Amino acid sequence: MRTHEVRTYEVWAPAATERVEVEVDGARHPLARDDGRPGWWHGPAPAGDYAFRLDGGRPLPDPRSPRQPHGPDGPSRSVDHAAFRWSRTGWRGRPLPGAVLYELHVGTFTAAGTFDAAAEHLDHLVELGVDFVELLPVCPFPGRHGWGYDGVSLWAVHEPYGGPEGLKRFVDAAHRKGLGVVLDVVHNHLGPSGNHLPAFGPYFTDRHHTPWGSAVNLDAPGSDEVRRYLIGSALAWLRDYRIDGLRLDAVHALADDRAVHFLEELSREVDRLATATNRPLFLVAESDLNSPRTTTPREAGGQGLTAQWSDDFHHALHTALTGESQGYYGDFARAPLAAVARTLTRGFFHDGTWSSFRERSHGRPFPPAHGHRLLGYLQTHDQIGNRALGDRLSPGLSPGRLACGAALVLASPFTPMLFMGEEWGAATPWQYFTDHTDPNLAEAVRQGRRREFAEHGWRADAVPDPQEPATVLRSVLDWTEPGRAPHAELLSWYRTLIRLRRTRPELSDPDLAAVRAEYDEAARWLVLHRGAHRVAVNLGGAPAALPLGGPGREVVASFGACALDGAAVRLGPDSVAVVRL
């Protein structure tokens, strides 16, 4: 990539004591200290693939690298974001409240595993009726295949997916079809392979510890620059790639004792960018804290994020549908329909109550007027992929029971989210897979996963090998399924529910105080009151008459055996109906 162009290189490298050089296409060029910015080095050099050498050490990729064409350990490459020709779509974004999200992993959404291949199925999502596509992380990671949560180079895009241009083409195509794009980003840790940040400066601190080791440095010496690094990365996705929102992974692991928490600072900067670009931008947190402060506006003393995931709702619904009671499902499995009713009407199940899994009380009450600030879901990448076999709900549940779960999600006061393939009851699993190029790391991951599930009674040879190519191949969606039974019927049901949610405002009303749920734990039925509409679900093994609280005027939609009977609706086993009074 030799060129006569000269550009200015800069890097924050306070760990360098004597000199910093930029190496461009094999030639070294010295950088000078920046007197106005402690720890920064800068200087001119020819344009081309580049890396930094600190105190004569080995070449390292740029921490702010916009592209890693040779993988996480190779040299960096600049990207001219202004050169991409965006379509004149008229897309000006849309806010999150009232929307339905669709979680998608680029590498297994199609057999090709690229942005361009994924874009070929956007019409399916339009017909489904969702509003946003949420991409699992796309930062570079070792090898070709992985979930993306071991990513490094937080400003770059995984090359096997299509690199920066591929992501832009996908976003542009989605916007042309009226779909927004959300990107999952990981600020709480970096992958164990290809993470060169510690060589440059104090990006991590031993002041706090996380499940991944030393914490990202958000409050120790040098943390001002680390926070700017993370916030700059977040803003780059929203600005340069025209992403509409970010999902923040495991924010409870962002240890920060400063007066202004990192999340508050990030949300403020995102709001400023939204004002500057005149389009809605939002942040969604994954958090297990059960704290409404995460989504409380900054002016009211909160961190100002738009929404957060609600695992409590998932756990309650999962136990009601499956009967599972191990681990953290235990609290919900004691009375699963009561747990479903509690989350639908109060948001959090644990809102200051005792959590047996944690062996302590947990959470605090959620403000009832803001149900849309919680994401509700039946399945996610975590809740499927972190199981020993990566099994979805579909192999173990009837289509009718899946339809019951879908109705409670899509008629809930929350912001619904689906996981790819859920809408047709995909038979393919979604397993944990990696492609680590370091054989020692690959073996450690393999044995670690086997040990983890051995503690729960699994044989080692029953747990899929994350490094085995067959594991990722099993996880690729089968796009012939939506057109045949029984998948087609379930897909039609999802389309119907999403259409009803859009056309009947009572079914998307986020006011938890307006929601009422009646249930019979022994008979295994639940009726959700949504204004003049009732969502009646029979999970029992026998037909049942479910009370509506008034005479039913019409069955708006149903899945399974259903008949109106005055002020009741008669449902067969594993059947559901939406009734209007």
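Biologist: What classes of residue make up the lining of the second largest pocket?

Modeller: By class, that lining has 13 nonpolar, three polar and six charged residues. Here Ala, Val, Leu, Ile, Met, Phe, Trp, Tyr, Cys and Pro count as nonpolar, Asp, Glu, Lys and Arg as charged, and the others, Gly among them, as polar. The model is predicted: local features need pLDDT of at least 70, side-chain atom pairs count only at pLDDT 80 or more, and totals for chains, interfaces and linings use all residues. Residues are numbered from 1 along each chain as its sequence is written, and side-chain values use heavy atoms, with hydrogens and water left out.

Biologist: How much space lies in the second largest pocket, and what makes it a pocket rather than a cavity?

Modeller: The space amounts to about 400 Å³. On a 1 Å grid over the protein atoms alone, a pocket is an open set of points with protein on both sides within 12 Å along at least five of seven lines, whereas in a cavity a 1.4 Å probe fits but cannot get out. A volume is the space filled by probe spheres set on the points, which are joined across faces, edges and corners.

Biologist: Which residues lie closest to the centre of the second largest pocket, and which element gives the most to its lining?

Modeller: Its lining has 22 residues (each with an atom within 4 Å of a point), and the closest to the centre are Arg7, Asp62, Arg64, Pro66 and Trp155. Two or more residues come from each of β1 (6–12) and α6 (223–240). β1 gives the most, with six residues.

Biologist: How many cavities does the search of the whole structure find, and what lines the largest cavity?

Modeller: There are five cavities of 30 Å³ or more, and the largest has a volume of about 90 Å³. Of its 13 lining residues, Pro63, Ser153, Gly194, His196 and Leu197 are the closest to its centre. The lining divides into eight nonpolar, four polar and one charged.

Biologist: Why are α8 and α12 called roughly antiparallel?

Modeller: The axes of α8 (residues 311–322) and α12 (residues 399–410) come within 11 Å and cross at roughly 155°. Axes are lines fitted to C-alpha atoms over the stretch in contact, and angles run from 0 to 180 degrees between N-to-C directions. Angles under 35 degrees count as roughly parallel, over 145 as roughly antiparallel, 65 to 115 as roughly perpendicular and the rest as oblique. The two helices are therefore roughly antiparallel to each other.

Biologist: Which residues of α8 and α12 meet?

Modeller: Phe313, Leu317, Ala320 and Leu321 of α8 meet Arg401, Gly405, Leu408 and Val409 of α12, where contact means heavy atoms within 4.5 Å. By class, this contact has six nonpolar, one polar and one charged residues.

Biologist: What makes α12 roughly parallel to α15?

Modeller: The axes of α12 and α15 (residues 487–503) come within 10 Å and cross at roughly 15°. That angle makes α12 roughly parallel to α15. In α12, Pro399, Leu402, Ala403, Ala406, Ala407, Val409 and Leu410 meet Leu490, Trp493, Tyr494, Leu497, Ile498 and Arg501 of α15. The contact divides into twelve nonpolar, no polar and one charged.

Biologist: At what angle do α6 and α7 pack?

Modeller: α6 and α7 (residues 262–277) pack at about 35°, with their axes 10 Å apart. The contact is made by residues including Leu230, Ala234 and Leu238 of α6 and Phe262, Leu266 and Val270 of α7. By class, nine are nonpolar, none polar and four charged.

Biologist: How do you know whether the peptide bond from Ala485 to Pro486 is cis or trans?

Modeller: Its omega is near -5°, and the bond is cis. Pro486 lies in the loop between α14 (469–474) and α15.

Biologist: What marks the phi of Asp55?

Modeller: Phi of Asp55 is near 55°, a positive value in a residue other than glycine. Asp55 lies in the loop between β5 (50–54) and β6 (101–104).

Methods. Helix = DSSP H or I, 4+ residues; strand = E, 2+ residues; numbered from the N terminus.
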